[in-house]
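Let's take a walk through this fold together.

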Amino acid sequence: MTQVILAAVLGILFSIGTYLVLRRDVVRVVWGISIISQAANVYLVTMGGFSGLAPILTGHGAEGAAPTDPLVQALVLTAIVIGFGTTALALVLTYRVYEEHGTIDMYELGGNS
């Protein structure tokens, strides 16, 4: 049951991100890309699995239970930090575009009115 709920949440996150990426407003495009990247992170953590013991306590707990691989969590944590940095940079660049052109509408910026 948990897998069905997580699959539904991931589908909703990817669809919201895709919807925002297809908008004319540059800020919404940036947030759409951010939501898609966070949905990919949730997907990776979900595929890494929830079962298993903490890797630091391998000698304790249930007999025969394998420890969870910490590599997935480490990579996702790195991806989250990089994602926040690139989102901040994209928002600052969007603000700079607004200061220069007075709009963040992509059709007006491209000259296709």
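What follows goes from confidence to helices and then to salt bridges.

This is a predicted model, where local features need pLDDT of at least 70, side-chain atom pairs count only at pLDDT 80 or more, and totals for chains, interfaces and linings use all residues. Residues are numbered from 1 along each chain as its sequence is written, and side-chain values use heavy atoms, with hydrogens and water left out. On pLDDT (the predictor's confidence in each residue, from 0 to 100), the chain has a mean of 86, with 87% of its residues at 70 or more. Helices here are DSSP runs (H or I, at least four residues), numbered from the N terminus.

Start with α1, residues 2-21. Leu-6, Leu-10, Gly-17 and Leu-20 are the buried residues of α1, buried being under 20% relative accessible area, exposed over 50% and partly exposed in between (1.4 Å probe, protein chains only). Looking down the axis of α1, you'll see these fall within an arc of 95°, so they line one face; the arc is that of the directions from the helix axis to the C-beta atoms. Part of their cover comes from α2 (26-48).

Now for α3. Its buried residues, Val-76, Gly-83, Thr-87 and Thr-94, pack against α2. From the α2 side, have a look at Asn-41, which counts as buried at 8% relative accessibility. Leaving aside neighbours within four places in sequence, Asn-41 is in contact (heavy atoms within 4.5 Å) with Val-76, Ala-79 and Ile-80. After α3 comes Gly-102, with a positive phi near 80°.

Finally, the charges. There are three salt bridges, each a side-chain nitrogen of Lys or Arg within 4 Å of a carboxyl oxygen of Asp or Glu. Arg-24 and Asp-105 meet at 3.0 Å, N to O. Arg-24 sits in the loop between α1 and α2 and Asp-105 in the loop between α3 and α4, so the pair ties together parts 81 residues apart in sequence. Asp-105 is buried at 15%, whereas Arg-24 is partly exposed at 41%.

Arg-96, Glu-99 and Glu-100 form a salt-bridge network. Arg-96 reaches Glu-99 at 3.3 Å and Glu-100 at 3.0 Å.

Conventions
Helices (H or I, at least four residues) and strands (E, at least two) are DSSP runs, numbered from the N terminus.
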